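Subject: Structure handover

Hello,

Please find the structure below. Notes on what was found in it follow.

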2 protein chains.
Amino acid sequence: MGYNEESFIKILKSKGLKVTNQRKTVLKALSSKPDQHLTAEEIYELVRVDIPEIGIATIYRTIQLLCELGLIDKLNLDDGYVRYEIGKEDKNEHHHHHLICVNCGKVLKFDDDLLDELEKQVGKTTGFIVHDHELKMYGYCRDCQNNRK
Amino acid sequence: MGYNEESFIKILKSKGLKVTNQRKTVLKALSSKPDQHLTAEEIYELVRVDIPEIGIATIYRTIQLLCELGLIDKLNLDDGYVRYEIGKEDKNEHHHHHLICVNCGKVLKFDDDLLDELEKQVGKTTGFIVHDHELKMYGYCRDCQNNRK
DNA sequence: TTATTTGCAAACCGTTTGCACCATA
DNA sequence: TATGGTGCAAACGGTTTGCAAATAA
């Protein structure tokens with residue numbers, strides 16, 4: 001886990017892209033919050049601590065680049081914001097999915113390996129070659145259940 | 001399946017809401033395309049055939065109402081549009097999920113009952129009371145695989 | 001030096017809102 | 001008639017884009 005600057009520089013150079021302080025700082029910001037699901041605005045605030053003059057447009061452009069490079073994942077929690085999180089470095093790791101409290105909005109991650117089997121099954125019956133999946137579960141977290149009593 | 005005007009009228013009246021031609025026509029439009037995932041703009045175009053003077057604001061307000069009534073489902077296919085589809089009338093029916101071709105954008109539905117078990121399991125370990133889930137799988141459809149050869 | 005990247009501000013576009021008019025009950 | 005719903009246009013807010021200045025290679 002964590003931010004590996006050397007390998008990031010290597011990736012950028014191999015694609016003919018320039019290594020800028022902005023790009024390094026955005027990736028570092030996302031790496032520093034591995035358990036959160038940050039909006040562009042939240043990333044902007046984090047990066048501004050180090051680079052006060054950065055513009056929100058650069059945040060959006062960098063986010064898009066990092067997604068294309070597969071270094072971060074896009075995430076939609078249906079609250080009107082697109083969110084991002086640092087990708088797992090080991091691509092063979094279990095997928096993690098999201099448990100969303102419909103009352104307070106809290107989001108928990110959970111791991112899963114059950115769906116890999118389902119992927120194969122669905123691929124067979126539909127002819128799709130499935131290479132990724134995303135699962136969200138909605139409900140009430142423990143706290144919200146207690147507060148209702 | 002299909003559009004049941006009588007029961008819709010009953011639901012509206014029971015909530016003290018008025019039965020308008022706009023509301024009936026929006027629900028009818030969504031019912032007429034049970035296998036599609038319509039954007040607000042697409043619903044607008046469909047409804048304008050019957051009610052040319054309708055405004056897009058009414059579409060948005062009606063869609064939101066229908067969601068709250070549980071008659072239609074919101075859907076996010078990560079293409080920048082929020083989409084809607086008519087809900088299954090039998091609430092005990094299997095969930096259906098979505099298989100999205102990352103090349104052509106085609107969307108197939110598939111049924112599932114495997115996840116009901118997973119819901120219970122996750123609920124036990126996290127303390128969440130899970131009452132819904134949404135699963136998306138991403139891959140290449142048969143056509144796009146053939147076209148690549 | 002030169003091709004990319006950045007910051008700024010304006011544009012974009014899907015969605016929401018305020019308000020006067022209209023329709024349902 | 002009275003309450004809610006509708007159509008219109010303007011506002012909103014997250015995201016994208018055009019462009020000149022700045023920077024990495």
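In chain A, β2(A) and β3(A) form a hairpin with five residues between them, and Asp78(A) in the turn has a positive phi of about 60 degrees. Helices (H or I, at least four residues) and strands (E, at least two) are DSSP runs, numbered from the N terminus.

This is a predicted model, in which local features need pLDDT of at least 70, side-chain atom pairs count only at pLDDT 80 or more, and totals for chains, interfaces and linings use all residues. Residues are numbered from 1 along each chain as its sequence is written, chains are lettered from A and ligands numbered from 1 in the order in which they are written, and side-chain values use heavy atoms, leaving out hydrogens and water.

Strands β2 (residues 72-76) and β3 (residues 82-86) of chain A pair in the antiparallel sense over five bridges; pairing requires that DSSP finds at least two bridges between two strands. Leu75(A) has Arg83(A) as its bridge partner in β3(A).

Beyond its neighbours within four places in sequence, Leu99(B) is in contact (heavy atoms within 4.5 Å) with residues including Val122(A), Phe128(A) and Met137(B).

His131(B) lies in strand β6 of chain B. His131(B) is partly exposed, at 46% relative accessible area (buried is under 20%, exposed over 50%, partly exposed in between; 1.4 Å probe, protein chains only).

Regards
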